[in-house]
Amino acid sequence: NMACLSDEEIWTCGNGGLQLYNLQGDLLKSVNTGLWSITDIAVTQSGDVVYPAQDSRSINTVKNTEVEPVIRLEGWIPYGVCSTSSGDLLVSIRNDNDTQSKVVRYSDFKEKQSIQFNDHGYPLFTSSCGFYLTENRNLDICVADTNAHAVVVVNAAGKLRFRYTGHMHISGNFLECYPVGIATDSQGRILIAEYYNYCIHILDQDGHFLLFFDKVNDCYLLGVSGLCVDSKGNLFVGGYNNDNVKKIQYST
């Protein structure tokens, strides 16, 4: 996955640790975390990098190149992480025996909110789920629940707003919806990377389908997985098993 440090610099994560690049593709900084793979990354309001460390059941922060665990979990494994407009952290986690998943909000690295069930007591997210998440401009929490083949959106209080499972007009020969990376922009639109269908869906903030695209300059988006959007509305797309990051101007 990726996270914008600024409109000129972008952090990436994956196998081999964390890397900071400029938009010319120059490597500016590299952090060896000692992990085989890192699933997600976020940049806090202060410019620090945070990431989930699954082997140690912790959320770690990076200042310069120093790694420090700031949240430790017991019985739960972290997967996705998001820095919110209020300065909180949202973390998607699943328990050790893969029977429960939830989203936890941390303020000053202390648990503030747990989002797991709907008003009827049923799970909002599939068990054994590893999912990416982001916060919309209206403070909704948007979760790409891969195992459910759905994007689950709840409000700031954790109440379900809607679920998106794909769009009939583009289903055709497509496989079932398989969301992975997810991002939002300054207009509140939700951008969803679909790994198996090699495309990106764009919804408005209320879940209404707007458009999708599956190629850029006649090049298909193969294995698309990670997404982030800068303040200028540029979309950055990373591919699984792909060493390239694409910059896409998808709107004006």
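A: Happy to! Strands (E, at least two residues) and helices (H or I, at least four residues) are DSSP runs numbered from the N terminus, and two strands pair if DSSP finds at least two bridges between them. The model is predicted, so local features need pLDDT of at least 70 and side-chain atom pairs count only at pLDDT 80 or more, while totals for chains, interfaces and linings use all residues. Residues are numbered from 1 along each chain as its sequence is written, and side-chain values use heavy atoms, with hydrogens and water left out.

Let's settle on strand 18, which covers residues 190-194. Five of its five residues are buried, where buried means under 20% relative accessible area with a 1.4 Å probe, counting protein chains only. In a regular strand, side chains alternate between the two faces of the sheet. Here, Ile190, Ile192 and Glu194 lie on one side of strand 18, Leu191 and Ala193 lie on the other, and both faces are covered.

Now for the neighbours. Strand 17 (residues 179-184) runs antiparallel to strand 18 and is joined to it by four bridges. In one of these pairings, threonine 184 has isoleucine 190 as its bridge partner. The two strands form a hairpin with five residues between them, and glycine 188 in that turn has a positive phi of about 85°.

Strand 19 (residues 199-203) is also antiparallel to strand 18, with five bridges joining them. Alanine 193 stands opposite isoleucine 200 of strand 19. Strands 18 and 19 make a hairpin too, with four residues between them; tyrosine 198 in the turn has a positive phi of about 55°.

Stepping back, the protein has one helix and 25 strands. Its radius of gyration, taken over C-alpha atoms, is 17 Å, close to the 18 Å from the globule rule (2.2 Å times the number of residues to the power 0.38) for 252 residues, so the protein is as compact as a globular protein of that length. The C-alpha trace spans about 50 × 45 × 30 Å along its principal axes. Of the 252 residues, 52% count as buried.

Key. Buried means under 20% relative accessible area, exposed over 50%, partly exposed in between (1.4 Å probe, protein chains only).
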